[in-house]
Amino acid sequence: MIITHQRGRGNKIHLLLDNEYVITTDVNFWLDHYIADGTDIDEEQWQELVAGINYKKALNKCGDLLSRREHSVKELKTKLLRTVDEVSADRAINRYLEAGYLDDEHFCVSLVDYLYNVKKYSTNHIRQECYKRGVSGDIISAVLEEYEFDNVDNIIKLIESKYLSKLEQENGKQKVIAALQRKGFSYSDIKSAFYRIEEDEY
């Protein structure tokens with residue numbers, strides 16, 4: 001197989017085998033692994049080169065995704081698999097785990113803090129959201145044990161910030177109760193919140 005390369009846009013390098021395009025890498029990788037145009041390479045050499053290209057791509061994608069926000073290991077891998085193979089994804093993830101830039105427990109703490117203090121989610125809803133992002137049950141339980149949740153207080157804050165106008169509508173209270181239950185709050189907590197609001201009004 002005869003390898004050649006072509007410059008692409010920006011820092012992209014397109015690699016061809018026997019004059020047919022196969023894969024794209026970047027200038028930095030190509031300079032480190034340069035093979036002169038016209039070189040005859042075998043299948044083993046080519047697969048080694050492709051593995052290196054995909055690993056570099058996976059590392060770059062990890063860095064890009066983690067620079068935007070924290071991710072769990074599972075959701076990061078799911079995103080990586082859209083563009084790279086599983087071996088490359090696993091290698092990149094392990095590299096970031098070893099470097100301390102990927103940590104499910106730290107991710108879970110940040111997520112719980114955001115969902116409880118900003119989104120005003122119930123503890124049940126928070127647990128479900130953590131599960132959806134691939135955090136293990138053991139980590140979720142350990143993190144949640146460190147918090148002192150007041151679901152009733154969060155319900156009151158939600159009612160006062162989001163549902164006051166709806167309470168004035170016909171069957172408004174029932175609609176608000178239904179909306180709060182969809183957010184994962186128990187009926188007993190919702191009832192306690194309304195009781196506390198009504199007590200404060202008198």
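These legends describe close-up views of one predicted model.

The model is predicted, so local features need pLDDT of at least 70 and side-chain atom pairs count only at pLDDT 80 or more, while totals for chains, interfaces and linings use all residues. Residues are numbered from 1 along each chain as its sequence is written, and side-chain values use heavy atoms, leaving out hydrogens and water.

**View 1. Four strands form an open sheet.** The order is β3-β2-β1-β4, and the pairing is antiparallel. β3 (20-26) and β4 are the edge strands, each pairing on one side only. Helix α2 (residues 43-68) packs on the sheet and touches β1, β2, β3 and β4. The direction of α2 makes about 45 degrees with that of β3. Helices (H or I, at least four residues) and strands (E, at least two) are DSSP runs, numbered from the N terminus. Two strands pair if DSSP finds at least two bridges between them. Contact, or touching, means heavy atoms within 4.5 Å. Axes are lines fitted to C-alpha atoms, for helices over the stretch in contact, and angles run from 0 to 180 degrees between N-to-C directions.

**View 2. Strand β1 (residues 2-7) has partners in β2 and β4.** β1 and strand β2 (residues 12-17) pair in the antiparallel sense over five bridges. They form a hairpin, with four residues between them. In the turn, G10 has a positive phi of about 60 degrees. Two bridges join β1 to strand β4 (residues 39-40), again antiparallel. Look at I3: its bridge partner in β2 is L17, and in β4 it stands opposite T39. R7 has I13 as its bridge partner in β2.

**View 3. Helices α6 and α7 pack against each other.** α6 covers residues 123-132 and α7 covers residues 137-145. Their angle is about 145 degrees, and their axes lie 10 Å apart. From α6, the contact uses I126, R127, C130 and Y131. From α7, it uses G137, I140, S141 and L144. These residues divide into five nonpolar, two polar and one charged. Here Ala, Val, Leu, Ile, Met, Phe, Trp, Tyr, Cys and Pro count as nonpolar, Asp, Glu, Lys and Arg as charged, and the others, Gly among them, as polar.

**View 4. The largest nonpolar core has 15 residues.** A nonpolar core is a set of buried Ala, Val, Leu, Ile, Met, Phe, Trp, Tyr and Cys residues joined through side-chain atoms within 4.5 Å. Buried means under 20% relative accessible area, exposed over 50%, and partly exposed in between (1.4 Å probe, protein chains only). I155, I159, L180 and I190 touch the most other members. Two or more residues come from each of α8 (151-167), α9 (172-182) and α10 (187-201). α8 gives the most, with six residues. Another core, of 14 residues, lies apart from this one and includes L59, C62, L80 and A92.

**View 5. A193 is buried, whereas L167 is partly exposed.** A193 is found in helix α10. Its relative accessible area is 0%. Leaving aside neighbours within four places in sequence, A193 is in contact with V152, I155 and I156. L167 lies in helix α8 and has a relative accessible area of 28%. With the neighbours within four places again left aside, L167 is in contact with I159, G172, K173, V176 and F194.
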